[in-house]
Amino acid sequence: MIPGFGVDPWWLVVAKAVAIFVFLILTPLIAILAERKVMARMQSRVGPNRVGPGGMLQSLADGVKLALKEGIVPKGIDKPVYLLAPVVAIVPAFMAFAVIPFGPEVSVFGHRTPLQLTDLPVGVLYILAVTSVGVYGIVLAGWASGSTYPLLGGLRSTAQVISYEIAMGLSFTAVFLHAGTMSTSGIVAAQWNTWYIFLLFPSFVIYLTSMVGETNRAPFDLPEAEGELVGGFHTEYSSLNFALFMLAEYVNMVTVSALATTLFLGGWHAPFPISLWNGANSGWWPVLWFTLKVWGFLFLFVWLRATLPRLRYDQFMNLGWKVLIPVSLIWIVIVATVRAFRIEGYGSFAVALVVASTVVALLAAVFVWRRLHREPTPTTPPTELPPFDPMAGGFPVPPLPGQTMPTPKKERSDA
């Protein structure tokens, strides 16, 4: 942990908190516009181009529109929980950024301070704990709405978090073993020479998949799948309450992107060959490198949404439980073994670690490919259903698939 924390004047701490808040508010506004523009470009269509120069004010106009719309509250809801759910969803997303390092120590009005709000010896575990609370907002929104489809969306989100939080935590374990610390600033410092994306590539791939599932983004946007759930957990929300859920989704995207940058892309360290410049990792320049890396992950979110169809729910759960978690466990054993050899003084095993990363990543890719593209098993021909009687239970019911209504008999005319 950086020893400079706890000595900043109160106004500097407040300034850091406000700067993080402004960054997390402005980034989603720009990301929403960029997403619509980039997706339009990828899909050969026209994106926002009416509001402002080239459509640049479209996000602002959408925000004003949501703020001025009438907030419709359905009947039969649990109103306190219904109104509290969006707040529970968005607050943890902001809190997670407290331990993300933006840069090294800089001088602010004569005070030397690290570009990080605070640091903890277990900073990454703090992020995991805080972001896990955000799912309660989605679950409570689905339950308090008093409707079937929001409830199903909330339950789906719970299942996704349980499934992919395990794989995400296991991917962090390899980073902890190699860096020897759980502090975010310590992990960034440990990547001074080599980024962990090269040494721990399987962990990076597992985290990349898990973070898309954690944020409910395409192709894993199953809690809000409009094909079967209308709109999912926020079906009954409108106006500012809906805007809070939307803001929470994009802030979570920024949070997981910043965490991926911190753990695997060297944090605020400059990429090669810019790192050859002596001043690249000093002053305010590292803030630029950190922001560019975060936007690289945000572009990946947009790219996935524009190109991949939504997975079936059984495919999604199979990927988490039967692929990501077993591969993570095997990879942790390999990293722990290499770490033990290094502690015993057998020399550097960085090259061996890179080779092992490549082998495990290739095996995982082959396994996933075979799981997702296996031939369907032949099905037995359906058995013949008994004749359908719509009045068998005492009241008329519609026929099930495969059943047909009996042909009504024509009444004989006495004329």
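Q: What share of the contacts with a separation of 6 or more is between residues 24 or more positions apart?
A: In the protein chain, 77% of those contacts come from residues 24 or more positions apart. Bear in mind that this is a predicted model.

Q: How much of the chain is buried?
A: Buried residues make up 44% of the 415 residues.

Q: Let's talk rings. How many aromatic pairs are there?
A: The structure holds 22 aromatic pairs. Take tyrosine 82 and tyrosine 237: their ring centres are 4.2 Å apart and the planes sit at 10°, so that pair is stacked.

Q: Where do tyrosine 82 and tyrosine 237 sit in the chain?
A: Tyrosine 82 is in helix α3 (residues 79-95), while tyrosine 237 is in the loop between α9 (226-229) and α10 (239-264).

Q: Which aromatic pair does tyrosine 237 form with phenylalanine 245, stacked or edge-to-face?
A: That one is edge-to-face, with 5.0 Å centre to centre and 80° between the planes. Phenylalanine 245 is buried as well, at a relative accessible area of 6%.

Q: Which residues form an aromatic cluster?
A: Phe172, Phe176, Phe201, Phe204, Tyr207, Phe264 and Phe297 form one.

Q: And what lies over the face of tyrosine 313?
A: Arginine 156 does, at 5.1 Å from the ring centre.

Q: Switching to helix packing. At what angle do α1 and α10 pack?
A: Helix α1 (residues 10-42) packs against α10 at about 100°, and the axes are 9 Å apart. Angles of 65 to 115 degrees count as roughly perpendicular, so α1 and α10 are roughly perpendicular to each other.

Q: Which residues of α1 and α10 meet there?
A: On the α1 side you have Phe23, Leu24, Ile25, Thr27, Pro28, Ala31, Ile32 and Glu35. They meet Met246, Leu247, Tyr250, Val251 and Val254 in α10.

Q: How do the residues of that α1 with α10 contact divide into nonpolar, polar and charged?
A: There are 11 nonpolar, 1 polar and 1 charged.

Q: What does leucine 24 touch, leaving out residues up to four places away in sequence?
A: It touches Ala93, Phe94, Phe97, Val251 and Val254. Also, the C-alpha atoms of leucine 24 and tyrosine 250 are separated by 8.9 Å, though the two residues are 226 apart along the chain.

Q: What about lysine 69, where is it found?
A: Lysine 69 is in the loop between α2 (58-68) and α3. It is partly exposed, with a relative accessible area of 45%.

Q: How many residues apart along the chain are lysine 69 and serine 238?
A: They are 169 residues apart, and their C-alpha atoms are separated by 7.8 Å.

Q: Which value does phi of asparagine 216 have, positive or negative?
A: Positive: phi of asparagine 216 is near 55°, in a residue other than glycine. Asparagine 216 lies in the loop between α8 and α9 and is buried, at a relative accessible area of 6%.

Q: And phi of serine 239, what is it near?
A: Serine 239 has phi near 55°, also a positive value in a residue other than glycine. Serine 239 is in helix α10 and is buried, with a relative accessible area of 9%.

Methods
Residues are numbered from 1 along each chain as its sequence is written. This is a predicted model: local features need pLDDT of at least 70, side-chain atom pairs count only at pLDDT 80 or more; totals for chains, interfaces and linings use all residues. Side-chain values use heavy atoms; hydrogens and water are left out. Rings of Phe, Tyr and Trp (its six-membered ring) pair if their centres lie within 6.5 Å; planes under 30 degrees apart count as stacked, over 60 as edge-to-face and the rest as tilted. Helices (H or I, at least four residues) and strands (E, at least two) are DSSP runs, numbered from the N terminus. Buried means under 20% relative accessible area, exposed over 50%, partly exposed in between (1.4 Å probe, protein chains only). A charge sits over a ring if NZ of Lys or CZ of Arg is within 6 Å of the ring centre and within 35 degrees of the ring normal. Axes are lines fitted to C-alpha atoms, for helices over the stretch in contact, and angles run from 0 to 180 degrees between N-to-C directions. Angles under 35 degrees count as roughly parallel, over 145 as roughly antiparallel, 65 to 115 as roughly perpendicular and the rest as oblique. Contact means heavy atoms within 4.5 Å. Ala, Val, Leu, Ile, Met, Phe, Trp, Tyr, Cys and Pro count as nonpolar, Asp, Glu, Lys and Arg as charged, and the others, Gly among them, as polar.
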